[in-house]
Amino acid sequence: MNPVAFNSTPVCITTNTIKPIHVFSSEERQNVDEIVVKSFGDEWDKFNDFDDKEIDRIGGEYFDIAERKLTKNSYVIDIGCGSGRWSKYLADKVGFIEAVDPSNAIYVADRLLGNKKNVRLSQASSDSLPFDDNTFDFGMSVGVLHHIPDTKKALADCVKKIKRGGFFYVYLYYDFADRGFLFRSAFRMADLLRGWVSRMPSVPKKIICDMIALSVYMPMVVAGKAVASLGFKRFADKLPLSTYRNKSFYIMRNDALDRFGTTLEQRFSKSEIEEMMKGAGLAGIEFSNGMPYHHAIGQKQ
Ligand SMILES: C[S@@+](CC[C@H](N)C(=O)[O-])C[C@H]1O[C@@H](n2cnc3c(N)ncnc32)[C@H](O)[C@@H]1O
């Protein structure tokens, strides 16, 4: 399958050859938080060596509701691809993937995806995507749009690029509105900590986030495993960080930096996500019952 021509000239990285052509200016990238983008460039530079088996297992959780919408001919766009791990996960299941990210993570993705001939990388944001509207069979934005100043507009910009009848998959942080008082209090404390840690210079920030992974994530996971092994799995599933019970310490360190290292993070209720998806022109919206919360897919009308 051949990709389309760019409709403007991004910093394009065709696999194995990095060719900076044009860097989008801040006038062209309006709906972007440049501090967040810089911080993600640093994050993916540190975390870029994923175990293939673990990515396959986590990919099964993330794409549970999405994989059946994909075929060997699907033309896919991965918006905010970061290290490129989900493009790598999907590359052998689809026709061609355009992986896009505004940060220097795109160079990390080039290393991870170096031998995938059906993935092209370009450095652009949701509001400077170098493709015509109605181009793709399937689009995805995994854990990205909540780090953008205007999430609703960003989602609409992404969905514009999908063909009528095509699908868009999104994972957005949820607001814990349905969780109990203790859980929400723990989240508020964590959020205060994030406000402080995320503003630190890069090196101490990474050290503190590793310490959070070791002193908070790890003990919670060990406690959750112990509770589950005593037969109280449903209770263990409700504990904070229960999603990490089947994940490596490397993923915990990566996610601690992701969570505590980012200055801009927005959270949405399920109904807000559904409303934004409908407003962007999607219908038949399906939410997964599984983690991460919430991930959903809809069909472009
Ligand atoms: C949490 S990471 C997720 C990366 C990848 N989707 C994953 O799940 O591994 C968020 C990514 O969104 C990118 N990003 C931030 N602002 C963006 C924007 N305005 N448009 C597109 N991507 C953006 C960041 O550079 C970062 O790589």
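Predicted model: local features only at pLDDT ≥ 70, side-chain atom pairs only at ≥ 80, totals over all residues.
Residues are numbered from 1 along each chain as its sequence is written, and side-chain values use heavy atoms, without hydrogens and water. Local features need pLDDT of at least 70 and side-chain atom pairs pLDDT 80 or more, while totals for chains, interfaces and linings use all residues.

**Stop 1: strand β4.** Select residues 96-100. Strands are DSSP runs of E, at least two residues, and helices are runs of H or I, at least four, numbered from the N terminus. Both faces of β4 are covered: Phe96, Glu98 and Val100 lie on one side, Ile97 and Ala99 on the other, all buried. Buried means under 20% relative accessible area (1.4 Å probe, protein chains only).

Stop 2: Strands pair if DSSP finds at least two bridges between them. Find isoleucine 77 opposite glutamate 98.

**Stop 3: helix α4.** Select residues 105-112; 6 of the 8 are buried. Among them are Ile106, Val108 and Leu112.

**Stop 4: tyrosine 62.** Tyr62 is among the residues with the most contacts inside the largest nonpolar core, which has 51 residues. Such a core is a set of buried Ala, Val, Leu, Ile, Met, Phe, Trp, Tyr and Cys residues joined through side-chain atoms within 4.5 Å. Beyond its neighbours within four places in sequence, tyrosine 62 contacts (heavy atoms within 4.5 Å) Trp86, Val142, Tyr169, Tyr171, Pro292 and His295.

Definitions and conventions:
Buried < 20%, exposed > 50% of the residue type's maximum accessible area, 1.4 Å probe, protein only.
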